[in-house]
Amino acid sequence: MRFFPWAAIARLGVAMSRLAVLWAVQGGTGSFGQAGAATGAFAVADAAVGPQVGRLVDRWGQRRVVSATVVLFIAAAIGLAIGSARGWPTWALIGLAGVAGATAPPVGALSAARWRKVVGSSDRLRSALSLEGSLNDVTFLVGPVLVTTLSATVVSWCGLIAAVGLVAVGMAGLLTARWSEPVPAGSSAGLLVDRRLMSSRFGALFVANLAMGLFFGGVPVTVTAFALAHGAGALAGPIAAGSSVISLTAGLVYGGTQRGKPLTVMTTVSVIITIGAAMLALVPNVPVMFIGYGLVGGCVALILIPAAVLLQQATASEVYTQAMTWINSASAIGIAIAAPLVGYLVQSHGWAVGFLATAALTAILPLTLLLTRPVLIVLQHDAVSTDAGS
């Protein structure tokens, strides 16, 4: 599919952006506080405005809407790089970071919507969503490494400029692949959320992804604290990278074999991740943590991919982009809640408590899936029936 390589390039740029903002502002101001504020503004704006951009995309089409928002993203990000280098006021840097976050293209949602149009609702769509999930793992594995390398060895804002370049090139290629662009839906009912998304099925998936965000928010803080406590702070990144490689492999295998009903896989794996996160509190040393967190974090794709399959069953194609961006916002909300909470507990009580707290927060995921099973089981039946009829 011609659009997919371009989407991969753009997604890598987006994956680099948040950390690149941190590096650029910290390098220019010398303050982690100001850098954290700018990064927070980027994240909050992305979570708050992203669904509304998705709604406009569903209504008017990817090319018409995203062409404009990408230009704003590029201008804001370049302005942030210049402002950081020239010592602009903090309020200006935070404002530019917020504009960049609000206009960062929802590449995953745009690409998934194109896959849905090209392959339809079939077993091939599950394979395509597995490929999307694996690409996500790759970009968030490679992206931070590129940002850190460029910003640390060249100049602090270099990573941000590289991210902008990748987004510009990737989105230009994606938006010119017109044959795969979904047809705009036209009108949209509802004030902030399209009424077609106001269902118990979509609500259940929203809460499930928020719970995954709690896991994503708590684990990096705790793994970093563990590594520092064992005199191996530099290994925090490789520990996380190892789990991403396993997750990538698991996602490809799941998508290729088509085995396991989506809801069943999600529920089973969510219990494994919750128990596994708690057991990480007992890890005695760094080598064991490589193995332990590799197994726990390596299960992530087996939740995200089945969730994506259920989401496409729960939503009409006319509101699919908005649905995807709301799901991304749910995960971002979870990260915003868990990261500072777990960070405080780690600071006060140590890394072991951090893992236990992360496990407690993650337990919301299997509880949500169990409580909403009567609602979601219909989606699973629809997905299996569609596959059988393909």
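These are my notebook entries on a few things I looked up in this structure.

**Entry 1: confidence.** I began by reminding myself that this is a predicted model. The protein chain has a mean pLDDT of 85, and 92% of its residues reach 70 or more. I then marked residues 384-390, where the pLDDT is below 50. Beyond near neighbours in sequence, that stretch has 10 contacts in the model.

**Entry 2: the salt bridge.** How many salt bridges does the structure hold? I found one. R63 pairs with E181, and their closest N and O atoms are 3.5 Å apart. The two partners come from distant parts of the chain, 118 residues apart. R63 sits in helix α3, while E181 belongs to the loop between α7 and α8. R63, with a relative accessible area of 31%, is partly exposed.

**Entry 3: helix α3.** Just past its end I noted G87, which takes a positive phi of about 75 degrees.

**Entry 4: helix α8.** Next I turned to α8, which covers residues 200-229. I read off 30 residues and a reach of 44 Å from first C-alpha to last, close to the expected 44 Å. Just after α8 comes G231, with a positive phi of about 65 degrees.

**Entry 5: A204.** I stayed in α8 to look at A204, which is found in this helix. A204 is buried, with a relative accessible area of 4%. Which residues does A204 touch, leaving aside those up to four places away in sequence? I listed T368, T372 and L376. I also checked A204 against T153, which is 51 residues away along the chain; their C-alpha atoms are separated by 45 Å.

**Entry 6: a pocket.** Last, I visited the second largest pocket, which has a volume of about 210 Å³. Its lining is made of 15 residues, and A113, P182, V183, S317 and E318 lie nearest the centre. Which helix gives the most to this lining? I found that α5 does, with three residues. Helices α2, α5 and α13 each supply at least two residues of the lining.

How values were computed: Residues are numbered from 1 along each chain as its sequence is written. This is a predicted model: local features need pLDDT of at least 70, side-chain atom pairs count only at pLDDT 80 or more; totals for chains, interfaces and linings use all residues. Side-chain values use heavy atoms; hydrogens and water are left out. pLDDT is the predictor's confidence in each residue, from 0 to 100. Contact means heavy atoms within 4.5 Å. Helices (H or I, at least four residues) and strands (E, at least two) are DSSP runs, numbered from the N terminus. The expected span of a helix is 1.5 Å times one less than its number of residues. A salt bridge is a side-chain nitrogen of Lys or Arg within 4 Å of a carboxyl oxygen of Asp or Glu. Buried means under 20% relative accessible area, exposed over 50%, partly exposed in between (1.4 Å probe, protein chains only). On a 1 Å grid over the protein atoms alone, a cavity is a set of points where a 1.4 Å probe fits but cannot get out, and a pocket is an open set with protein on both sides within 12 Å along at least five of seven lines; lining residues have an atom within 4 Å of a point. Grid points are joined across faces, edges and corners, and a volume is the space filled by probe spheres set on the points.
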